[in-house]
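I opened this entry to keep track of what I looked up, item by item.

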Amino acid sequence: MPYPGQFVILKKPLTLPGFRTLPLSDGWVLSCHEALNVFYLPKHELLLIGLAWQTLPGRASPERELEALSEGCEGPLTDHQLMELEQSWCGRYVLICGERVFLDACGLMPVFRSAAGISCNLTLLAEAMGLETKIYEPGKVMNWMPGPLTPYPEITRAMPSQICCFKSGEMRRRPLLSLFGPNAADGEERVRLFADVFANSLRNMRERLPGHKFLLALTGGYDSRALFALAKYAGLDFDAYTLEYDGIYLEDMELPKELCRLTGTAHHFIPRDHSRYSAAREDEYLRHTAGLIRDADRLFHAHGQYQELAAPYDETALLRGSIWETAVEFYGRSFDGSGPKEDFYDWFCVPEKSVEKRSLEQYFAWQKRFSQPELAPCDAFYWEQRAGCWLSAIEDGFDLLAHTVSLQPANCRLLISMLLEFPREERIVKEHQARIIRFACPAIADVPFGKNTVPDQTILKILRHKLSRLGYRIRTRGLLRTLSLYSGMMKEKN
């Protein structure tokens, strides 16, 4: 199958339709799709693969910063020098210096590694190694494959907190938080500074994609509305869109229309037409992503909704706000101050002696070895697992769409670090986002947020889903462990 937007580095060139090759040192060869951005500096063997842009005002683009660093340094470039540059970049990319691989903030362009080489696509690397293709099937509760292991014993994935040395196999620590930041005073000054940096980032993003039609995903919640408000603040020219799904919340259908009416923004609602479902498109999606995620986006793809949204335009850029929850302690009930709670594996229904459990145990051992006291363990878990593994597979699926790029404008170490500087009591209830929205776009400040109201006909369906999960926990963990789990959850709420 073709691999749009993908790359692989092996000891041999890979001949695939639409691919090109670039010889590297020590007999290694980069093979990548012709549509993929590749910036290469032979001195220091610097490679920037994918799309990256600068967030900070007064700073040059990533490519120009790399040129200046390389030209001004005769000796080897250190990890610290590269991290000082990269921490203020946004986008979906991989930075390589010699054998060292630096992921973007959340690893949205993943790197899978083996003795044979590395690739941003698990299926592509497995096929290049001559392995039988596997389509992973995650569980009902943890609906993604957690890293660093994969369904292939021969292949692992680099995590955002790691620097992968793909030739030697060494893994080094990579701090998740930025090494510096524009520290702001409390109150409105922090909101203003964040909005200004984010707006500058959006304007730089727009310059990198001339001719693209920007379409912003909008629901009734906080995350997409914060992105919407900041895009307005930045003066970005965009339309909003909402894709229907089975059981969509009522507010997700109504509130986007109101937000767009108040701001004079065009809104596209793409209904789900079940007659347009294609099993072939769903199989294509699962094969391309190796099945590492089972979520709504594969069904949007299978029903042709993204294809319908992008059809009127020559080049499309989809703006999505899936990174914000990194800062809200989303998995707080499963962690304490030192790491996962005793019932963590019960809560996520991770099977005993499974590859998923071994993977998580390896991940938590790495986090314990290289702890980051300034970052709550539950936020680090969201950052690396929910974003770095779950979301990265979803972003990988967008490469299947011709002339369309998916963008997560909060995927930047500096921006995430700035979000985490807001007081915890604000972040966990998303009040920091409400403040950003009020500052950036006062016209929508008084529009209520969605309360996840469902249509009457879907209540029974949701109840069945909840009971199904309960039954699944009882079957996999046993009645007593399940009752203890829910009892502990109720005590925490009280």
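The notes below take up a sheet and then a group of aromatic rings.

I kept in mind throughout that this is a predicted model.

**Sheet.** I looked up the strand order and found an open sheet of six strands, running β2-β3-β1-β9-β8-β10 with antiparallel pairing. I noted that β2 (19-23) and β10 (156-157) are at the edges, and because each has a single partner strand, one side of each is left without a neighbour in the sheet. Turning to β1 (residues 7-10), I saw that two bridges join this strand to β9 (residues 118-119), which runs antiparallel to β1, and that I9 stands opposite I118 in β9.

**Aromatic rings.** I found 29 aromatic pairs in the structure. In one of them, the ring centres of F330 and Y382 are 5.5 Å apart with the planes at 65 degrees, so I recorded the pair as edge-to-face. F330 belongs to the loop between β16 (316-319) and α10 (344-347), while Y382 lies in helix α12 (residues 377-397), 52 residues apart. I also checked accessibility: F330 is partly exposed at a relative accessible area of 39%, whereas Y382, at 2%, counts as buried.

A further edge-to-face pair is F335 with F364, at 6.1 Å centre to centre and 65 degrees between the planes. It links the loop between β16 and α10, where F335 sits, to helix α11 (residues 355-369), which holds F364, 29 residues apart, and both residues are buried.

I then traced the cluster that ring pairs build, whose members include F330, F335, Y345, F364 and Y382.

**Charges over rings.** I noted K357 over the face of Y345, at 4.9 Å from the ring centre, and R333 over the face of W347, at 4.3 Å from the ring centre.

Note on methods
Residues are numbered from 1 along each chain as its sequence is written. This is a predicted model: local features need pLDDT of at least 70, side-chain atom pairs count only at pLDDT 80 or more; totals for chains, interfaces and linings use all residues. Side-chain values use heavy atoms; hydrogens and water are left out. Two strands pair if DSSP finds at least two bridges between them. Helices (H or I, at least four residues) and strands (E, at least two) are DSSP runs, numbered from the N terminus. Rings of Phe, Tyr and Trp (its six-membered ring) pair if their centres lie within 6.5 Å; planes under 30 degrees apart count as stacked, over 60 as edge-to-face and the rest as tilted. Buried means under 20% relative accessible area, exposed over 50%, partly exposed in between (1.4 Å probe, protein chains only). A charge sits over a ring if NZ of Lys or CZ of Arg is within 6 Å of the ring centre and within 35 degrees of the ring normal.
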